[in-house]
Amino acid sequence: MSEHKPRSWYPETLAIHAGRRPDPTTGAVMAPLHLSTTYLRDGAAQPVAGYSYSRDGHPNSHTVEATLAALDAGADACVFSSGVAAAQAVFETLPRGSRVVATADSYYGTRRQLDDLAARGWLEPEYVDTSDTDAVARALERPTALVWIETPSNPMLRIADLAAIAKLTAPRGTRLACDGTLATPIGQQPLALGADLVVHSATKYLGGHSDLLGGVVVSRVADDAAAAIRERRSVAGAMLAPFDCWLLARSLATLPWRVRAQCDSALRIATALEGHPALRAVIYPGLAAHPGHARACVQMRTFGAMISLRVAAGRTAALAMTGHLELFATATSLGGVESLVEHRASIEGPNTATPDDLLRLSVGLEHPDDLLADLHAALEAVA
Ligand SMILES: Cc1ncc(COP(=O)(O)O)c(C=O)c1O
């Protein structure tokens, strides 16, 4: 079995075989866990097997990075201790004073990072509705180092046209990064659409079981920028620990099947809830009424497993509804096998643009009819 995969493999095969090979010393078919922080050097002080200190890289990061690069069809993947750490490395490798155009309703933690870097004079962010390609074009009239697109965005699930935006950034020498956390590499391939980088919070679908924090930057080309991101990880000490890499590798093996099942359930639930009298709106890119539906049909292989519901009776009813749900745990995060619900405005604080009647659902792997019955009962209780 070669460590390098042929590009023609399907995602299900890549998820299990890319970057993996039986351990040559023991014959173990599944990758062993290497907890050692330090590795032997020879008489010329050179690492005997390519590893020196686990903050810089270790066998378990190496294995999972190969699988992640293959799943996103990138040339280089670099894992981090969280999704935020991955994004931070991308931002901090930009030259001081760089202008960044970013999705206005991207994950609030990403905006917090950009605002923090702006307050310290490092970056100059401008937030735009990136589902409006003309707005991106207008923002690019000024020299810009990076365009950061989150699509679908969290939690409004807006869809940006990655291929059209890549046509704007490439001739200007502006780098295009996509936070693909909600779509996963199974649902969307930003690098194939022209993005230079794809960033995921591996805490979500990639990890898939709500038991590890992680992040990854996948680069289309293994260039100096990719090397700088890897170097930043070492400098900042943001490496993902061996056990978390091992857990992540184990989870990736089932990623395509988990994600597809979760997306199928989400489509079924969103379709069934659309038009419910207790809901002002069901926001889901798989619904024909969603403004980004046509674009999602072209750009995505699945519509994702996140649904945002706007409760007709408003904030109090939305908050009350979470208490009536039995199968959706009220908790932050998304992408695990268990379904979650969250009132995002409460989490994001007083300055949020997220409507206060909005509940964000992360659809898990429970039977969709059980989830639907749970939602119907909770909606009835607050109607
Ligand atoms: C879209 C998106 N990007 C990035 C992050 C940050 O990831 P992490 O929590 O792993 O740092 C999150 C977390 O919720 C997210 O939803």
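**Figure 1. The right-handed crossing of helices α3 and α8.** In this predicted model, α3 and α8 cross in a right-handed manner; a crossing is left-handed if the near helix is turned anticlockwise from the far one by less than a right angle, and right-handed if clockwise. Helix α3 (residues 83-92) packs against helix α8 (residues 224-236) at an angle of about 115 degrees, and their axes are 9 Å apart. That angle makes α3 roughly perpendicular to α8. Angles under 35 degrees count as roughly parallel, over 145 as roughly antiparallel, 65 to 115 as roughly perpendicular and the rest as oblique. Axes are lines fitted to C-alpha atoms, for helices over the stretch in contact, and angles run from 0 to 180 degrees between N-to-C directions. The contact is made by Ala89, Val90 and Glu92 of α3 with Ile229, Arg232, Arg233 and Ala236 of α8, where two residues are in contact if their C-beta atoms, placed from the backbone, lie within 7 Å. These residues divide into four nonpolar, no polar and three charged. Ala, Val, Leu, Ile, Met, Phe, Trp, Tyr, Cys and Pro count as nonpolar, Asp, Glu, Lys and Arg as charged, and the others, Gly among them, as polar. Helices (H or I, at least four residues) and strands (E, at least two) are DSSP runs, numbered from the N terminus. Residues are numbered from 1 along each chain as its sequence is written. Because the model is predicted, local features need pLDDT of at least 70 and side-chain atom pairs count only at pLDDT 80 or more, while totals for chains, interfaces and linings use all residues.

**Figure 2. Helix α14 and its contact with α12.** Helix α12 (residues 315-324) and helix α14 (residues 368-382) pack at an angle of about 135 degrees, with 9 Å between their axes. This makes α12 oblique to α14. Their crossing is right-handed. Ala317, Ala320, Met321 and His324 of α12 meet Ala377, Ala378, Leu379, Ala381 and Val382 of α14. The contact comprises eight nonpolar, one polar and no charged residues.

**Figure 3. Helix α14 and its contact with α10.** The axes of α14 and helix α10 (residues 255-273) come within 10 Å and cross at roughly 35 degrees. The crossing of α10 and α14 is right-handed. From α10, the contact takes Ser265, Arg268, Ile269, Ala272 and Leu273; from α14, it takes Pro368, Leu371, Leu372 and Leu375. By class, there are seven nonpolar, one polar and one charged residues.

Figure 4. The contact takes 30 residues from domain 1 and 32 residues from domain 2. On the side of domain 1 that touches domain 2, the elements giving two or more residues are α1 (11-17), α7 (184-187) and α9 (242-252). The residues of that side divide into 16 nonpolar, nine polar and five charged.

**Figure 5. The loop between β4 and α6.** Pro152 lies in the loop between β4 (146-150) and α6 (162-172), and a cis peptide bond joins Thr151 to Pro152, with omega about -10 degrees. Pro155 is also placed between β4 and α6; a cis peptide bond joins Asn154 to Pro155, with omega about 10 degrees. Leu157 belongs to the loop between β4 and α6, and its phi is near 60 degrees, a positive value in a residue other than glycine.
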